[in-house]
Amino acid sequence: MAALTTLTPCQATSHFNIRISHYYNQKQNQNQNVYINQTKSIHKAKSSLLSFAFSSLSAKSTSVIPATHFSTSGSSSSWLQDNTMNLDASSSGSGLREGPIYSVFPAKPAEVSSVQDLYEFICSGPLMDKVGLTAEKVAESIDKWLFYGSKLCRLFQLNELYLTVPEKARFYHYYIPVFLWCEDQISEHRSKFKDGEEIPPLVIGFSAPQGCGKTTLVFALDYLFRITNRKSATLSIDDFYLTAEGQAKLREENPGNALLELRGNAGSHDLPFSVETLTALTKLTKEGMRMKLPRYDKSAYRGKGDRADPSVWPEVEGQLTVILYEGWMLGFKPLPAEVVKAFDPQLETVNKNLEAYYDAWDKFIKAWIVIKIQDPSCVYRWRLQVWTLILKVITLRQ
């Protein structure tokens with residue numbers, strides 16, 4: 001079974017910043033000679049560069065980022081520029097992120113004035129080896145990279161002529177390489193079936209701690225699949241939380257156990273419903289077949305949550321190519337009971353509940369993407385940032 005493990009960009013840990021900074025400097029030196037040998041393939045894409053850049057400008061009706069001019073420096077026109085290290089209201093499409101991120105990157109403006117510069121930036125990415133990319137492969141498919149990058153800019157309402165270094169890294173070092181890896185896994189999956197056989201969609205599992213961006217990654221991948229004419233479905237383990245009534249029953253059955261008082265831990269999911277949903281999804285192998293995807297309303301009952309009304313569930317149509325399934329505890333397995341009890345007696349029930357999760361979820365997953373973080377304390381800091389932003393929004397609305 002294929003698995004891709006990556007380290008998420010974490011602003012809360014200096015260890016990550018130091019390690020990734022060293023990696024970028026080292027990678028730049030290693031690939032210097034390779035870049036020179038790829039210029040022939042790169043120059044073929046220059047006409048595509050201008051068409052994407054101009055089409056993006058003409059298609060946007062509004063933008064929170066000021067448009068920039070085309071530079072005459074270098075061998076082609078300016079495309080990607082950077083003059084800020086903050087994703088704040090002036091540089092982010094959502095306007096909800098604050099503070100510096102990716103502190104390893106230079107604070108000075110960094111202009112990318114040609115396809116060659118973009119190519120070099122792509123090849124400096126830390127996932128190149130893990131996803132099976134080489135400088136040669138990037139050069140041969142540079143038009144595809146330009147296309148995906150342009151589309152992602154539109155999706156996230158960013159001006160592709162004026163991206164910050166963190167934004168460029170997110171697209172060209174993270175989202176697009178992972179998408180290409182997913183494409184390879186799908187091709188391998190489909191090759192196992194004979195002509196005329198029904199091919200079930202490949203289920204890719206995304207396991208990552210809370211707050212590290214797995215839902216946003218899945219959102220971007222789903223979009224890239226759709227614009228390349230492949231049908232995909234997205235699910236989260238959150239979609240299978242017990243109903244409000246089920247949660248109340250769980251609390252009654254486990255009095256005094258704070259870990260099962262609210263949703264989140266093993267035991268708070270409707271496993272039979274999840275198996276039923278995943279089974280039905282994997283059978284969407286023909287055109288015209290349809291089904292609705294469950295969704296969960298976390299705002300219901302003053303934040304305790306409830307399953308959303310089926311009338312608002314999104315609908316997907318076959319033939320499905322891929323199912324993107326994400327969750328913070330996907331792939332988790334129970335630990336020895338004595339170890340858990342010694343750590344916290346309340347975990348015993350949660351640990352026992354976890355035994356049923358493999359049969360419910362993991363058996364469907366044929367490829368894994370595991371996103372690690374350098375320091376678990378990042379989860380708490382990310383949560384604090386989210387709630388701080390929510391309180392600010394509430395205050396502004398009052």
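## A greasy patch on the surface

A patch here is made of residues with over 30% relative accessible area and no salt bridge, and nonpolar side chains join up within 5 Å. In this predicted model, Val386, Trp387, Ile390, Leu391 and Ile394 make up a nonpolar patch on the surface, and together they have about 480 Å² of accessible area.

Let's pick out Val386, which you'll find in helix 15 (residues 377–397). Its relative accessible area is 42%, so Val386 counts as partly exposed.

## A strand tucked inside

Now for strand 2 (residues 202–207). Six of its six residues are buried, so the rest of the structure largely encloses this strand. Both faces are covered: one side has Leu202, Ile204 and Phe206, while the other has Val203, Gly205 and Ser207.

What does strand 2 pair with? One partner is strand 8 (residues 320–327), in the parallel sense over six bridges, and here Phe206 has Glu326 as its bridge partner. Strand 2 also pairs with strand 9 (residues 367–372), again in the parallel sense, over four bridges. In strand 9, Ala367 stands opposite Ile204.

## Rings meeting rings

There are 15 aromatic pairs in the structure. One of them is Tyr148 with Phe179, an edge-to-face pair with 5.2 Å centre to centre and 85° between the planes. This pair links distant parts of the chain, 31 residues apart: Tyr148 is in helix 7 (residues 142–155) and Phe179 in helix 8 (residues 165–190). Both Tyr148 and Phe179 are buried.

Elsewhere, ring pairs tie Phe240, Phe273, Trp313, Tyr325, Tyr357 and Trp361 into a cluster. And Phe121 has Lys168 over its face, at 5.7 Å from the ring centre.

Terms used:
Residues are numbered from 1 along each chain as its sequence is written. This is a predicted model: local features need pLDDT of at least 70, side-chain atom pairs count only at pLDDT 80 or more; totals for chains, interfaces and linings use all residues. Side-chain values use heavy atoms; hydrogens and water are left out. Rings of Phe, Tyr and Trp (its six-membered ring) pair if their centres lie within 6.5 Å; planes under 30 degrees apart count as stacked, over 60 as edge-to-face and the rest as tilted. Helices (H or I, at least four residues) and strands (E, at least two) are DSSP runs, numbered from the N terminus. Buried means under 20% relative accessible area, exposed over 50%, partly exposed in between (1.4 Å probe, protein chains only). A charge sits over a ring if NZ of Lys or CZ of Arg is within 6 Å of the ring centre and within 35 degrees of the ring normal. Patches are made of residues with over 30% relative accessible area and no salt bridge: like charges are joined within 9 Å, nonpolar side chains (Val, Leu, Ile, Met, Phe, Trp, Tyr) within 5 Å. Accessible areas come from the Shrake-Rupley method with a 1.4 Å probe; for residues, only the protein chains shown count as cover. A salt bridge is a side-chain nitrogen of Lys or Arg within 4 Å of a carboxyl oxygen of Asp or Glu. Two strands pair if DSSP finds at least two bridges between them.
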